[in-house]
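Here is a short briefing on cores, rings and charges. Keep the structure open while reading.

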Amino acid sequence: MMKTKINRMDILFNCINYTFLMFVAIITFYPFWYELCVSLSSSIQVNIGGIFLYPREFTIMAYKQVLGTSNIWVAYKNSILTTATRTVFGVLLTAITAYPLSKGSVKGTKSITKFILITMLFNGGMIPFYVIVRQLNLVNSLWSLIIPYLLSAYNVFIMKNFFETIPVELEESAFIDGASPFCIFFKIIIPLSMPVMATISLWTAVGAWNNFMGALMFTSSREKYTLPILIREIIEGQLLSNITGQFSKTSLESVVAATIIVSVIPIVSIYP
């Protein structure tokens, strides 16, 4: 009798749990689906508004207008370049910083760890950050979106904690066999740390791809624009004069939606 009651409670819990998770999934996915439907709908239907469950009066005019401009490809190139460079060098620098801190036998690790923790809890703010970047002559350069963001205190602690779970005996055995510290790090530690490396890489890539404030503060010429800044300009209507084609067949909202879809697809595709 008790077993039947437990099974019924399990079934009820699963039904509630699955229903809740399905609801969360729908409300999370719908904004993306809405933008996709709007980008594929005619200007008349977009101006009518309402809830879009499917494209109304299907058309790809918005995508032709967005992909037909040189600005989108320049922004694509800059976003891909900054994201790839920041991810590769950022993850490598994070690993190089976190590995010595995971060794309690190394002198000064506790003091350095406290110093990194302070930078995680307190910062100078936006104005000092901009002043430092300007003094380094990085303003209006793609390096301004890479170098200041290479190292994150949070990522350092995440990777440090993972390194501490790796058995010390593996390193000691390799050291006895004559392996150098660099050999141990790159041939033993890094291969064993692929889960955390993949996690930090994903966080870094998403952060670099969506870096709006950095691009807004440090870039001023169109040749240095990234996709977030380009989307802002399209929303403000500053690129309408550069868009070719019959603009009367689509609307600004459709163009904005098409730009969002085009810019989101690359970063979404790396999640699987």
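Which residues have the most contacts inside the largest nonpolar core? They are Ala95, Met159, Phe163, Ile189 and Met197, in a core of 21 residues. The model is predicted.

**Nonpolar cores**

- Four helices each supply at least two residues of the 21-residue core: H4 (70–101), H7 (153–163), H9 (181–192) and H10 (194–209).
- Another core lies apart from the largest one and has 19 residues. Among them are Ala62, Ala205, Trp209 and Leu230.
- Ile189 is in contact with Tyr99, Phe163, Ile166, Glu171 and Ile184, leaving aside neighbours within four places in sequence.

**Aromatic rings**

- How many aromatic pairs does the structure hold? The number is 13.
- Phe129 has 26% relative accessibility, so it counts as partly exposed. Phe218 is buried, because its relative accessible area is 0%.
- Phe185 and Phe186 also pair edge-to-face, at 4.9 Å centre to centre and 80 degrees between the planes.
- Phe185 counts as buried at 6% relative accessibility. Phe186 is partly exposed, with a relative accessible area of 43%.
- Phe185 and Phe186 belong to one aromatic cluster with Tyr99 and Phe163.

**Salt bridges**

- Side chains of opposite charge can pair when their charged atoms come close.
- The structure holds two salt bridges.
- Glu171 forms a salt bridge with Lys103, and the closest N and O atoms are 2.5 Å apart.
- Glu171 lies in helix H8 (residues 168–176), while Lys103 lies in the loop between H4 and helix H5 (109–121), so the pair ties together parts 68 residues apart in sequence.
- Are Glu171 and Lys103 buried or exposed? Both Glu171 and Lys103 are buried.
- Lys160 and Glu164 meet in a salt bridge through their side chains, at 2.7 Å from N to O.
- Why does Lys160 count as buried? Its relative accessibility is 11%, and the cut-off for buried is under 20%.
- Glu164 has a relative accessible area of 42%, so it is partly exposed.

**Around Ser41**

- Ser41 sits in the loop between helix H1 (2–39) and helix H2 (43–48).
- Ser41 has 1% relative accessibility and therefore counts as buried.
- A polar atom of the Ser41 side chain lies 2.6 Å from the backbone oxygen of Cys37.
- Which residues does Ser41 contact, leaving aside neighbours within four places in sequence? They are Val46, Phe52, Pro55, Arg56, Glu57, Thr59 and Ser254.
- Two of these contacts, Phe52 and Arg56, also meet each other: Arg56 lies over the face of Phe52, at 3.9 Å from the ring centre.

How values were computed
Residues are numbered from 1 along each chain as its sequence is written. This is a predicted model: local features need pLDDT of at least 70, side-chain atom pairs count only at pLDDT 80 or more; totals for chains, interfaces and linings use all residues. Side-chain values use heavy atoms; hydrogens and water are left out. Buried means under 20% relative accessible area, exposed over 50%, partly exposed in between (1.4 Å probe, protein chains only). A polar contact is a pair of N or O atoms within 3.5 Å; within protein, one must be able to donate a hydrogen and the other to accept it, and residues adjacent in sequence count only if both atoms are side-chain atoms. Contact means heavy atoms within 4.5 Å. A nonpolar core is a set of buried Ala, Val, Leu, Ile, Met, Phe, Trp, Tyr and Cys residues joined through side-chain atoms within 4.5 Å. Rings of Phe, Tyr and Trp (its six-membered ring) pair if their centres lie within 6.5 Å; planes under 30 degrees apart count as stacked, over 60 as edge-to-face and the rest as tilted. A charge sits over a ring if NZ of Lys or CZ of Arg is within 6 Å of the ring centre and within 35 degrees of the ring normal. A salt bridge is a side-chain nitrogen of Lys or Arg within 4 Å of a carboxyl oxygen of Asp or Glu.
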